[in-house]
Amino acid sequence: MTVPRQVPVRTQTSSCAVACLLAAATLAGVGAAAQPSASATLHACEGGATIGTATFQERPSGEGIKLVDVEVRVEGSAMAEGPHAVHIHETAACDPCGAAQGHFDPGPNSNTNPDGNHPFHSGDLVNLVVDAAGTGAMSTTTSRVTVSPGPLSILDEDGSALIIHVGADTYCPEGVVAGCAGGARAACGIIVAE
Ligand SMILES: [Cu+2]
């Protein structure tokens, strides 16, 4: 009677020891390489005040596809209440905000035209909703871009910028309609590797 009881106890202790070692190794960062990440400090297009941040955290999906978690936060009074289009634009330049050029859309069939190829660009994201106090947060995940090097990397030769627009992104359901991707630019941040 005693022996059968001891066997499961020893087994449990043994598996616990392995699990504890793995947990400790994970906590210490051993065996888990840091995933590529990037960030941008967002400035108002008029006046240049700092109004928020954007972060880009890459991670592998269960199938090994690269996913990027994007988080955007703004505060202050620079942004009007309501939804605002958010995109990754094709050039790391914000002075003026138009210097960020069109939407990030690499590849042999690239079409960075903001309204003319929307919402099909690689850099198209989702609306940021700002409250009456000027505070807003947006969180989304995209598989259209990567932070790590490669054909979809937002840290390519000329870099990229995150743009928040004055208007909402309608995602252009009617095709090419002026302003359907958010219209004028409200804020911009150059994306830099972390
Ligand atoms: Cu845009």
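**Tutorial: terms and values**

Tutor: Let's start with Tyr171, whose place is in the loop between E8 and E9. Strands (E, at least two residues) and helices (H or I, at least four) are DSSP runs numbered from the N terminus. This is a predicted model, in which local features need pLDDT of at least 70, side-chain atom pairs count only at pLDDT 80 or more, and totals for chains, interfaces and linings use all residues. Residues are numbered from 1 along each chain as its sequence is written.

Student: Why does Tyr171 count as partly exposed?

Tutor: A residue is buried with 20 or more other C-beta atoms within 10 Å of its own, exposed with 12 or fewer, and partly exposed in between, with C-beta atoms placed from the backbone. Tyr171 has 13 such neighbours inside 10 Å, so it counts as partly exposed.

Student: And what is the phi of Tyr171?

Tutor: Phi of Tyr171 is near 65 degrees, a positive value in a residue other than glycine. Gln101, in the loop between E5 and E6, also has a positive phi, of about 60 degrees. Most residues other than glycine have a negative phi, and most peptide bonds are trans.

Student: What else does E3 pair with?

Tutor: Seven antiparallel bridges join E3 to E7 (residues 136-142), with Gly136 in E7 as the partner of Val74.

Student: What makes a set of residues a nonpolar core?

Tutor: Its members are buried Ala, Val, Leu, Ile, Met, Phe, Trp, Tyr and Cys residues, joined through C-beta atoms within 7 Å. The largest one here has 41 residues, and those with the most contacts inside it include Leu42, Ala161 and Cys188. Strands giving it two or more residues include E1 (37-44), E8 (161-165) and E9 (185-190).

Student: Which residues does Cys188 touch?

Tutor: A contact requires C-beta atoms, placed from the backbone, within 7 Å. Leaving out residues up to four places away in sequence, Cys188 touches Leu42, His43, Cys45, Cys94, Cys97, Ala100, Ala161 and Ile163.

Student: Which residues of E5 point which way?

Tutor: Val86 and Ile88 point one way, His87 and His89 the other, and all are buried. In a regular strand the side chains alternate between the two faces of the sheet. Four antiparallel bridges join E5 to E8, where Leu162 partners Ile88.

Student: How confident is the predictor overall?

Tutor: The pLDDT, its confidence in each residue from 0 to 100, averages 88 over the protein chain, and 84% of the residues score at least 70. Where pLDDT is low, the predicted coordinates should not be read in detail.

Technical notes
Two strands pair if DSSP finds at least two bridges between them. Two residues are in contact if their C-beta atoms, placed from the backbone, lie within 7 Å.
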